[in-house]
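Good morning, and thank you for coming.

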Amino acid sequence: MVAAKVPQLPADVLARYSTTAPRYTSYPTALVWRDLPETEALDVLDRASRTKQPLSLYAHLPFCWKLCYYCGCNMMVTRNPKLVERYLAALTTEIGRATLEHRPVTQIHWGGGTPTYLNSEQLTRLFNAMAERFKITPDAEISIEVHPPVTTLEQVKTLARLGFNRVSMGVQDFDPVVQEAVHRIQPFEQTRDLIQACRDAGFRGVSIDLMYGLPHQTPTTFQQTLDKVEQLRPDRIALFGYAHMPWIKPHQSLIQASALPTPPHRLELFRGATARLLSLGYEYVGLDHFALPHDELVVARSKGKLQRNFMGYTTQAGTDLLAFGASSISDVHGAYLQNAREVPEYMNLVESNRLPITRGMTLSQDDLIRRDLIQALFCQLSVDKARFSALHGISFDEYFAPELRKLAPLQEDGLVELHPESVSITPTGQMLLRNIAYAFDAYAREPGAPGRYSQTV
């Protein structure tokens, strides 16, 4: 096998583009959303109910047994079973009131927190609530995030019996010094055995998350982690950059800032990991995702069906996303609808027979155009100007004239290629997709925006 070429990012280019930007799991980003009246949310859902377009479902399960210091998720550490049962009751109630039940469901994902915080009976109860309310297609992708230290063989068998066919688990780093620094002890053997159990149970896909930029990481130790990843041979790998923002996530202050890699060292970690994964036969799907050639993500990209949303890269382009649980975000009919972030407020709203939706945004025509463009850049790495113009009833070069001027320096630095008929991302530019997309972000200069976003590399 001939290894794929590793993208190059010279130090001077890194210095110019070492900044902060959104991850663009949505556009516009959540930073510019607003408080949403219940009447507006109901109107969005009513309009969304008039189509038979396929649907994806998401359930947020925020509970964890312990705190990982790097975590940026909306989660809650608890040992209170009554609280968990109350939340689960609210979640199943919200699902039971959903109004889009006539639309076929082609994808389900449960995230957290730690979804396998729930025991087998609770997992079954929640899944049955979804299956009773919605029509799940026989070929639906049904995935869940699991945490090896708390996931049992019984839970794996339960999930397989219910129809889950993809599993994702965090690894971050197998180095014991790094694990101790981020308060996440997870031996390699534990992860290995869980992956094998999932495969034995019939799961067709296994994904793992890795993270670079953690305290005490070095290129040598991270390559040792990748040695172990090579043994696991997961179908997909997400390679995230740690975002150290203790002013937003106060518990991250438990990580010693002095132990974090510098920006050049972060780049070295990322480039070294990218080179290793490409040499192992993984394809660089986009930004921070890698997959084996047979994986559905790679197939979806080749067919133009790759999509990026709050679950990362998915294979379900063209579907709306209906989400349940605290802080969860629906993306339906040209609008974002976010539930109350805090668990108590979410439960109180559901128990009061009210919509738990508190924030969101109905997208303007300009928002929709820019969202489609950013999707194309992230998922297809190019935009055909004529096709895009015809789809949206615009002249691409005229509509985006200021943005194309912004891209001129990026072309000089080898990040993009600007042609009369297209805009294309180079292999180097793929590492800086967030910077490129930022040029098309009409909200980029909103007050306070830079401090709310993570480093692009």
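Predicted model: local features only at pLDDT ≥ 70, side-chain atom pairs only at ≥ 80, totals over all residues.

One cavity of 30 Å³ or more is counted here. A cavity is a set of points on a 1 Å grid over the protein atoms alone where a 1.4 Å probe fits but cannot get out, and lining residues have an atom within 4 Å of a point.

Residues are numbered from 1 along each chain as its sequence is written, and side-chain values use heavy atoms, with hydrogens and water left out.

Which residues lie nearest the centre of the largest cavity? They are R23, Y212, G241, R434 and T456, out of 17 lining residues. Two or more lining residues come from each of β10 (236-241), α9 (263-279) and β22 (454-455), and β10 gives the largest share, three residues. Helices (H or I, at least four residues) and strands (E, at least two) are DSSP runs, numbered from the N terminus.

Let us turn to T116, in the loop between β6 (105-112) and α4 (120-133). Is T116 buried or exposed? T116 is buried, at a relative accessible area of 1%, where buried means under 20%, with a 1.4 Å probe and protein chains only. Leaving aside residues up to four places away in sequence, T116 touches E145, V146, H147, V150, T151, Q155 and L159, contact meaning heavy atoms within 4.5 Å.

Note on methods:
1 Å grid on protein atoms, 1.4 Å probe; cavity = no way out; pocket = protein on both sides within 12 Å on 5 of 7 lines; lining within 4 Å. Points joined across faces, edges and corners; volume = space filled by probe spheres on them. Buried < 20%, exposed > 50% of the residue type's maximum accessible area, 1.4 Å probe, protein only.
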